Amino acid sequence: STWMRRTGWRFAALGATCAASTMAAIFSGSTERMSPMSRLLNLVKERPPSVERKMPRATAVEENTPITVSLARAERRRTRLNSRANTTAKSTAAQVGSLKPQMAPMAMPVKAEWPRASEKKDIRLGVIASGERAKRLKNKGCKINDTVYHPEVWTPEEAHGVDFLIVSLKYGALPGALDNITAVTGENTVIMSLMNGVDSEEIIAEKVGAEHLLHAVIKVASHKENDGYVFNPEATLGIIFGEVSAPYDSERVQAVLDLFSGTGLHYRATDCILEEIWSKFRLNVCNNLPQAILGAGVGCYRDSVHMKAISDGLRAELMAIAEAKGIDISKADVSSGRGSAVPPTARYSTLQDLDAGRHTEIDMFSGALIRMGKELGIPTPYNEFTYHMIKALEEKNDRRFDYSGSEEPLWAK
């Protein structure tokens, strides 16, 4: 693929509030205690004057929603891949699907400035933003695990032609971000969506072309607090990615593996990425949604037969739709191995949104399943009820039901 062989290698990401938080969330701990974003910043190297050259910029996009973090690497020589091919046996499709999470030693913590020391050379980080969000990022930065970071801020046009674009948005923000994604995408740009639904790649592909998509999913438990974002690096499983069809060990998969290596990221490539995406989707639908209606921690599934019955009903509908679409989620169950331990008090993203008075991603979850069920002739009563309940809770947060007592009475029969 020519995108790998160009002189400059640039890496960008689109995400809500700050895509940097998504990237930081996939770092694991090391023997030295260091903040997650410090680990991310270790990707960024300040080039010595002796190798000074014009570097292509990387960026992040956002006007109310989209943000892009970008990394840029120069001098990726064509011979590097050839050399690696001669010294390392390529993984077969079966091997790729069973790769364990790869981890590498990390450097000592660096200051929360952008860019600074790293084991990887010629890397820069930035955020694409405009308007009030750009001002806020420049002035206040973003706080992750008690550390405030101040990324560079650029426009979408300055990010055009990046080699690798990560999209990490709330589902409702994706339509409004498509123009920015188009502005960033060049002829050879590869796009990785970490939105964890089952149709974001399709939506993006309709705008920029399916050839740009490298499918992926991220497994991380994080939450927003008043003054920033928090997650547990040790409990983070990370990024899983791969091609939807052979060759599964493609050049771009190998290039992403090479980019992530030596960074401390949790990641693995797989030959069953669609099954992995649906496996994570199943977790979101069955564990994320019922607790959001009840307003309780995830321990409710263990301690209530009624909550488990609702979760099982959602699961049965999802599995029927997956089977009808030819998705065998059991393949992901084999390769994924263990899950991550969470306390019974944990509140997943949908409940977090409702707690904060925000609209949720229910359209990405039950909304998508209802649509696919209608297309396939599969009933989805559990998902339909869940969809309307969470939509009603959003309306409640919007104060639609704050009655004063002076309204016209209703007639009950």
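Which helix holds the place of E275? I started my notebook with that, and I found E275 in helix α10. A reminder to myself before going on: this is a predicted model.

**Entry 1: the chain as a whole**

I looked up the overall make-up next. The chain has 16 helices and 13 strands. Of its 413 residues, 52% are buried. I also checked the accessible surface, which comes to about 19600 Å². Carbon and sulfur atoms account for 52% of that surface. Then I turned to contacts between residues at least 6 apart in sequence, and 78% of these join residues at least 24 apart.

**Entry 2: back to E275**

Is E275 buried or exposed? I read off a relative accessible area of 10%, and the cut-off for buried is under 20%, so E275 counts as buried. I then asked which residues E275 touches, leaving out those up to four places away in sequence. My list reads I327, D328, I329, K331 and A332. For A332 I looked up the spacing too: its C-alpha atom and that of E275 are separated by 5.4 Å. Along the chain, these two residues are 57 residues apart.

**Entry 3: α10 and α16**

I stayed with α10, which covers residues 273–294, and looked at how it meets α16, residues 381–397. The two axes come within 10 Å and cross at roughly 45°. Because of that angle, α10 is oblique to α16. I noted the handedness as well: α10 passes α16 in a left-handed crossing.

Which residues of α10 meet α16? I wrote down V285, L289, A292 and I293. On the α16 side, their partners are N383, T386, M389, I390 and L393. I sorted the residues of this contact by type and got seven nonpolar, two polar and no charged.

**Entry 4: α12 and α16**

Helix α16 has another neighbour I wanted to see, α12, which spans residues 305–324. Here the axes come within 8 Å and cross at roughly 115°. From α12, I listed A309, I310, G313, L314 and E317. They meet P381, Y382, N383 and T386 in α16. Sorting this contact by type gave me five nonpolar, three polar and one charged.

Technical notes:
Residues are numbered from 1 along each chain as its sequence is written. This is a predicted model: local features need pLDDT of at least 70, side-chain atom pairs count only at pLDDT 80 or more; totals for chains, interfaces and linings use all residues. Side-chain values use heavy atoms; hydrogens and water are left out. Helices (H or I, at least four residues) and strands (E, at least two) are DSSP runs, numbered from the N terminus. Buried means under 20% relative accessible area, exposed over 50%, partly exposed in between (1.4 Å probe, protein chains only). Contact means heavy atoms within 4.5 Å. Accessible areas come from the Shrake-Rupley method with a 1.4 Å probe; for residues, only the protein chains shown count as cover. Axes are lines fitted to C-alpha atoms, for helices over the stretch in contact, and angles run from 0 to 180 degrees between N-to-C directions. Angles under 35 degrees count as roughly parallel, over 145 as roughly antiparallel, 65 to 115 as roughly perpendicular and the rest as oblique. A crossing is left-handed if the near helix is turned anticlockwise from the far one by less than a right angle, and right-handed if clockwise. Ala, Val, Leu, Ile, Met, Phe, Trp, Tyr, Cys and Pro count as nonpolar, Asp, Glu, Lys and Arg as charged, and the others, Gly among them, as polar.
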